[in-house]
Each structure stands twice: as structure tokens, then as C-alpha cells.
Amino acid sequence: MSSGGPAGGRLILTVTIPLLSLLALLWLLIPVAPTQAASSASTGTIRGHLVNGTHNNAPVAGQSVTLQMAQDGSARDLTTLKTDSQGAFLFTGLATASTVKYAVYTRYQGAQYVSDLVDLSKQAVQQIELIVYDATSSSADLAVVQATILIHEPDASKGTFTVSEIYFFQNVGKTTYVGSLNASQGRPNALLFSLPQGARNVALDQGFNSVEAIQVAGGFASDAAVPPGETQFSFSFEVPYQSTSYDFAYTFFYPTVQLSVLTPPALQASSGALSSKGLMTANSHPYLLLQNQNFRSGDQVHVRLQGLPLSSSQSQHQGLFLVPTWVWLVGGVLVMLAIIVLSSLLYHLFQRWRESKPRGHPHAQKRPAHTHAELEATRTRDKADAGSGEQDRLLHQLLELDKAFEEGRLKKTEYTEERARIKERLRVLLSLEQEKEHRRGAKERPTAGSSRSSSNAKRRSGKS
């Protein structure tokens, strides 16, 4: 048996014990007198024929058939033989105790076929007919006559509820549908069953004996065969939940005549695709019945469950889940706006602090403010330094130019033009520097003249 896990939980597939074993357990509950069991003789006989229903019950020759016996709570194979040219088989020397039951089975073209139970306690010799069919991989003749989904009371301590599902398939053709679990081309061509998101602990029951199952998108697939006529399948699984509401989704993989969903009345179930039929009793418990008919393959039904009980730990977090989505979105936007405003305010405060902070020496704040003359002198020195720096750069270019010409990396015309350009720039810088020097000298001379005039005035005043 393969196993996997969908999102939200691990999918575990298990198979219940064989049908004959269950029946053997039931027969153990029937009281039987010890003398009756001890006196039963091995005089029983089962005669039968194996026929092919696809070919108008033609006999199947040379096919292996096995006799199985159920007794004392267990089932075991007794013997296997092949049918003769007429498809006949014969089992003799069988016990006729009422605690013993028999069945004949065979596997034909990938499907297993089992006869009805045979009780030899009242009639020691019995005749049976076992019908097989040709196999097909087409599911075109399959439909679900009735699908029933029963949702049990939720378990608040585990945060889960159990679901049981029962299907009655109808095969209207004359061949047995036998699927394959080969998923190399995507979803396997096998019998498909829907599971809600997060389903786990899937337990396969009736109809799944001696078969395999794997997880697929939206459910699971099984290689169980569906012969002509009606076939029943049943299984159960658990669904975990985190809040008081749950959206149970169901997908139709086959045309379905009728879908019935039974839920405990306390869960307040509702569905837009199913009509409420009121309360009904199943397994001595009341259930709300939601039902509708005529669904196509690919349709989907949602059943909204509300009022799911929560454990104490779940209840502590329930308040967070009840907050609408738009509230979270608005809260997030407000937080982002607050961060932007705070960042902008801090940036402006930092800029104002930088502008107000004195520059230079740490004790510069003790010095008096600069006069206009000092500022002008500073600007003049800066310009002179800039001019001096430009002269140095141009002189360096001249040296590099001469070097490149001497090494032959420049043509004479290029060398001559570039050298003339640099020299012209140097000449302009020198002229500007001389003009500045002239202006500074002119400003200093009137100052000295004024001082001499002041001295002469003082001398005349003293003579007077």
C-alpha cells in the first residue's frame, strides 16, 4: 500500500481486514454445541463453473480458482486448481460444521472475483457459478448512483473531525473497469476518490480488499476493479481544523446521480449547491441532511461548517483568526506611514543639527565672528590657491607632453598644437595673477597715503 501526504497533513492509507475474516468473527458469536462441531464429517463438496459474462457466460478453461475457508476468526486458502475444458471445478472432502464458511475466488485480467459465501452445514453438496469479465481501462461506463458523506461529531481535544464516505458505483457496460496506478503521464488512470485539503489517516474499507492506493491531486487513486453491475466502496479519514469554521470541498470525478451530506446539527452546515432536507437519524444519532442530484464529472461542492468546538489552546489564538483581512491590511499601511513620517522627521532634525554645528577646531565657538574683510581675504586666498594649483597642473602636462614627443608617441603637429594651447592657458593664468597683485598693491598705497596725511596734520596742529 502506497502512502503520501497532501498539504496540511500526512495521508495514510490503510486497508481493513478481508471480508471473510469479518464474517468469520461474526460466526464466532453464534453459539454452537461442542458435540455438533466435533461430529461434523469432511463430506462436503463444492462444484462449480467459471464463465465469462462479457461473452454470454462462455466457459473459461484452464483458469486457476482458489477455495478459501473462514473459521475461528481467520480466513485461509485451502487449495487451488485449474478449470477443465468446460470451465468446471470441484472441491471435495470439506468440513460441514456450521462454524465453517467457504468462498471461491479467482484473479482474471487484473481483477479479483469472489463467489458468495457457501455454508455446507445444512447441505453438504452445493453448486455455484463464478462469473468473470474482460477488462477495460475506459471509465466511460462508470457512474456513481449514490455518494454519502457522513461527518461525525468533532473532537475538540484533537482539533479534528472524522468523515465516513460510502459510494455505490454502477458499471453499465459488459467489461470490468481495471485501472492502473502508473502516474508517469500525470494523474493515473485508476479509480479516483475526492478528499478535502488536509485530510489524513485514510482507512480503506469495503471494496478495497487486496488493492493498492496512492495519493493524487485532490484525493487518492486505487486500482480496485469495478465489474458490471453495482459495486460498493467505503472509507474514512480525519480532517484537522484550526478555527470554528471549515470549508469542506468535494470534487466529482464521475457523473453522480445523488450526493448526500450528513452533519451533526450543532455544526450549522450550509451549502449553495445542496438543499437542506431537515433532520434524519443514522446510527441512532440525528444528522442534518444536505442533498442534491445530477452532478457532472468535474463539478465541485462546498459545505460550510460553523460552530466547530475548540480546545483551550486553540481558543487563545482564535481572536487573531477572527480579525478581518482588511483590518490587517489597513493596520499594515498605517504602520508603514508612521515609519515614513518618523524617518523624515529624524532626517530633518539631523540636517538642522549639522547646519547649526560650528565647523573647524573644537573650540572655534569661542572665537569672534569673522569680519567682512577677513572673509574677502579668505576668498582671495582660495582663488589664488586654485590658480596656483591650475598652474602646477598645466606645467605637469607640459612635462608629460614633452616626454611623449621625445619618445615618439606624438606626432609633431599634435605636439605643437597641444603645447601652444597649454602655454596660452598658462599665459592667461599668469596675467590674471599679475592683475590681482596690481589691485592689491593699489589698495595698500592709499592706506599708506592717508597715514602720512594724518601725521602732517598732527604736526601742523602742534606748531599752531
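Predicted model: local features only at pLDDT ≥ 70, side-chain atom pairs only at ≥ 80, totals over all residues.
Residues are numbered from 1 along each chain as its sequence is written, and side-chain values use heavy atoms, with hydrogens and water left out.

Student: How many aromatic pairs does the count come to?

Tutor: Rings of Phe, Tyr and Trp (its six-membered ring) pair if their centres lie within 6.5 Å; planes under 30 degrees apart count as stacked, over 60 as edge-to-face and the rest as tilted. By this rule the count is 22 aromatic pairs.

Student: Is the pair of Tyr113 and Tyr133 stacked or tilted?

Tutor: The ring centres of Tyr113 and Tyr133 are 6.4 Å apart. Their planes stand at 45°, so the pair is tilted.

Student: How many residues apart in sequence are the parts that Tyr113 and Tyr133 tie together?

Tutor: Strands are DSSP runs (E, at least two residues), numbered from the N terminus. Tyr113 lies in strand β8 (residues 111-114), and Tyr133 in the loop between β9 (125-132) and β10 (135-136). The pair therefore ties together parts that are 20 residues apart.

Student: Which strand holds Phe235, the partner of Tyr167?

Tutor: Tyr167 and Phe235 form a stacked pair, 5.9 Å centre to centre with 10° between the planes. The pair links distant parts of the chain, 68 residues apart: Tyr167 is in strand β12 (residues 160-171), and Phe235 is in strand β18 (residues 229-240).

Student: Is Phe235 buried or exposed?

Tutor: Buried means under 20% relative accessible area, exposed over 50%, and partly exposed in between (1.4 Å probe, protein chains only). Phe235 has a relative accessible area of 4%, so Phe235 is buried.

Student: Is Val333 buried or partly exposed?

Tutor: Val333 lies in helix α4 (residues 325-356), a helix being a DSSP run (H or I) of at least four residues. The relative accessibility of Val333 is 46%, so Val333 counts as partly exposed.
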